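Welcome, and please open your viewer. We will walk through one chain together, selecting a few residues at each stop.

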Amino acid sequence: MSTSRLLIACWMALAMLSAGTVALGQANATGWATFALLTVAVAKAWLIADGFMELRRAPRLWRWLVLSWAVMLAVVIGATLP
């Protein structure tokens, strides 16, 4: 797949995931809705890191740091919500 097609596919996936976060945010964000919202947010971060930042081919340490940061933030936010 060419680079431009990959970026367009990433952009379209981000648009769909963003619409999903809006829909989940308008729902009663308790329990599973919160978990789903945070999971979609981590998926968006992963797509941004791999697609737009092109960390797919970067050293493992950099990719691991960026992706684990998103997961860590989701865990901390999930733990602090009522």
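Before the first click, a word on burial: a residue is called buried under 20% relative accessible area, exposed over 50%, and partly exposed in between, using a 1.4 Å probe and protein chains only. What you have on screen is a predicted model, in which local features need pLDDT of at least 70 and side-chain atom pairs count only at pLDDT 80 or more, while totals for chains, interfaces and linings use all residues. Residues are numbered from 1 along each chain as its sequence is written, and side-chain values use heavy atoms, leaving out hydrogens and water.

**The whole chain**

Start with a cartoon view. The chain has 3 helices and 0 strands, in the order α-α-α along the sequence. Helices (H or I, at least four residues) and strands (E, at least two) are DSSP runs, numbered from the N terminus. Along the principal axes, the C-alpha atoms occupy a box of roughly 40 × 25 × 10 Å.

Of the chain's 82 residues, 18% count as buried. A contact here means heavy atoms within 4.5 Å. Among contacts between residues at least 6 apart in sequence, 57% join residues at least 24 apart.

Select residues 3-26, which form α1. The end C-alpha atoms of α1 are 35 Å apart, in agreement with the 34 Å that its 24 residues should span at 1.5 Å a residue. The expected span is 1.5 Å times one less than the number of residues. The buried residues of α1 are C10, L14 and T21, and their cover includes α2.

Zoom in on L14. It counts as buried because its relative accessibility is 14%. Which residues touch L14, leaving aside its neighbours within four places in sequence? Show K44, L47, I48 and F52 to see these contacts.

**Second stop: helix α2 and K44**

Next, select residues 32-52, helix α2. Its 21 residues reach 29 Å from the first C-alpha to the last, close to the expected 30 Å. Colour A33, T34, L38, V40, K44, A49, D50 and G51, the buried residues of this helix. Both α1 and α3 (60-80) are among what covers them.

Pick out K44 from that set. How far away is the nearest side chain of opposite charge? For K44 it is D50, 16 Å away, and K44 is buried yet has no salt bridge. Lys and Arg count as positive here and Asp and Glu as negative, while His and the chain ends are not counted. Beyond neighbours within four places in sequence, K44 is in contact with L14, L17, S18 and T21.

The whole structure holds 1 aromatic pair. It is formed by W32 and F35, edge-to-face, at 5.7 Å centre to centre with 90° between the planes. Rings of Phe, Tyr and Trp (its six-membered ring) pair if their centres lie within 6.5 Å; planes under 30 degrees apart count as stacked, over 60 as edge-to-face and the rest as tilted. W32 and F35 are 3 residues apart in α2, so about one helical turn separates them. Both W32 and F35 are exposed.

**Fourth stop: the salt bridge**

A salt bridge is a side-chain nitrogen of Lys or Arg within 4 Å of a carboxyl oxygen of Asp or Glu. The count is 1 salt bridge. Select D50 and R63, whose side chains meet at 2.7 Å, N to O. Because D50 lies in α2 and R63 in α3, this pair ties together parts that are 13 residues apart in sequence. D50 is buried, at 10% relative accessibility, whereas R63 is partly exposed, at 27%.

**Last stop: E54**

Finally, click on E54, in the loop between α2 and α3. Is its phi positive or negative? Phi of E54 is positive, near 55°, in a residue other than glycine. Most residues other than glycine have a negative phi. With a relative accessible area of 42%, E54 is partly exposed.
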